[in-house]
Amino acid sequence: MFEIVFEERHVGRAAERLHLSPSAISHGLGRLRALLGDPLFLRTPKGVVPTERASQLAPSVAEILARIRGVVSSATPFDPRHSKRRFVIGAPDGISSVILHRLLGTLREVAPGIDVGIRQLLPARGFTALHLAWKDALNELEDRTMDIAIIPLDDVPTRFHRQMLYEEEFVIAVRKGHSFQRSPTLKRYCELEHLVVSHTADVSGFVDAELAKKGLTRRVALTVPNFIFALSVLAETEMVSALPRRFLEIYGARFDVVAVKAPLPLPRFSINIVLPKVAMMDAGLAWLVQLVGQVRTEQSGSSGLRPGNRNRSLHSE
């Protein structure tokens, strides 16, 4: 009960998830308050908010419940062919769009009753250190808002399990037949109008940092909030954009958008599955991690990527 109220921040919604009445939830919280000597949740016009004590307890409660679920799941072995579970995967759209099409195909074959929810993950604004930029994603994992995260983050706290999926790199994307294909020089690159994928509409990024080293600048004529939107714009304009190679390999042909050799260094980085270590005690989650890893193995042969700079966020620059 504590876990669900903490997640929902609303007694009524928690009651619906638990198939109980709101009064039953309130009575249960009353017993917890008396036992722990703390209000735990404070009422607001929009629901409830946890007290500091409740926020401190939440990770321990989640760990205890995960252990209990692990015991239960081991007593009844997880069978993907007959399971009706729903898993929530969090990832930036440049990652989820790369893995999803193969993942769904595999699920249809080996686990036709399992459903998947995709959460759009975005780095927190104002942080250049990746462990801070993705802190909200780590918090959501511990709050069980989602089951696994797939993010460009290597440096995770020791309480988290991390498994590398694939190496990614950025390339320059243009519509097929663009003049930049014939003359991919740095001078021409700077003269063109640029498109940047940014959910905050920020225009500055790693491309600008590389250009600044050479005393150069560019014009960012447009920002868009996701990568598919970027492809549709590139297909109809003379703009250029730095996009993830694997994403472009999968979706570029649909829009007649192609990759061009970059006239300046662009980053490479690793994409990782991340989840709390204690969650790996859940046989279903352990199976999901293994399955996503197998999807990665199937995809890894075509891109020819090499290990490189892994300290980047997955955004067009």
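**View 1. Tyr 189 and its aromatic partner Phe 180.** In this predicted model, Tyr 189 has a relative accessibility of 1% and therefore counts as buried, a term that stands for under 20% relative accessible area, with exposed meaning over 50% and partly exposed in between (1.4 Å probe, protein chains only). Phe 180 is buried as well, because its relative accessibility is 0%. The structure holds nine aromatic pairs, where rings of Phe, Tyr and Trp (its six-membered ring) pair if their centres lie within 6.5 Å, and planes under 30 degrees apart count as stacked, over 60 as edge-to-face and the rest as tilted. Phe 180 and Tyr 189 form one of the tilted pairs, with 6.0 Å from centre to centre and 40° between the planes. Residues are numbered from 1 along each chain as its sequence is written. Local features need pLDDT of at least 70 and side-chain atom pairs count only at pLDDT 80 or more, while totals for chains, interfaces and linings use all residues, and side-chain values use heavy atoms, with hydrogens and water left out.

**View 2. The ring pair of Phe 247 and Tyr 251.** The ring centres of Phe 247 and Tyr 251 are 5.2 Å apart and the planes stand at 40°, so this pair is tilted. Both residues belong to helix α12 (residues 245–251), where they are four residues apart, about one turn of the helix; helices (H or I, at least four residues) and strands (E, at least two) are DSSP runs, numbered from the N terminus. Phe 247 and Tyr 251 are both buried.

**View 3. The nonpolar cores.** A nonpolar core is a set of buried Ala, Val, Leu, Ile, Met, Phe, Trp, Tyr and Cys residues joined through side-chain atoms within 4.5 Å. The largest has 58 residues, and those with the most contacts inside it are Ile 148, Ile 150 and Leu 243. Apart from this core lies another, of 15 residues, including Phe 2, Ile 25, Val 48 and Ala 54.

**View 4. The buried face of helix α2.** In helix α2 (residues 11–18), the buried residues are Val 11, Gly 12, Ala 14 and Ala 15. Seen down the axis of α2, these residues fall within an arc of 160° and so line one face of the helix, the arc being that of the directions from the helix axis to the C-beta atoms. Their cover includes α1 (2–8), α3 (22–36) and β2 (47–50). After α2 comes His 19, which has a positive phi, near 60°.

**View 5. Ser 83 in its loop.** Ser 83 lies in the loop between α4 (52–75) and β3 (86–91), and it counts as buried because its relative accessibility is 10%. Its side chain reaches the backbone nitrogen of Arg 85 at 3.2 Å. With neighbours within four places in sequence left aside, Ser 83 is in contact (heavy atoms within 4.5 Å) with Phe 78, Gly 113 and Ile 114.

Terms used:
Polar contact = N/O pair within 3.5 Å; in protein donor to acceptor, adjacent residues only side chain to side chain.
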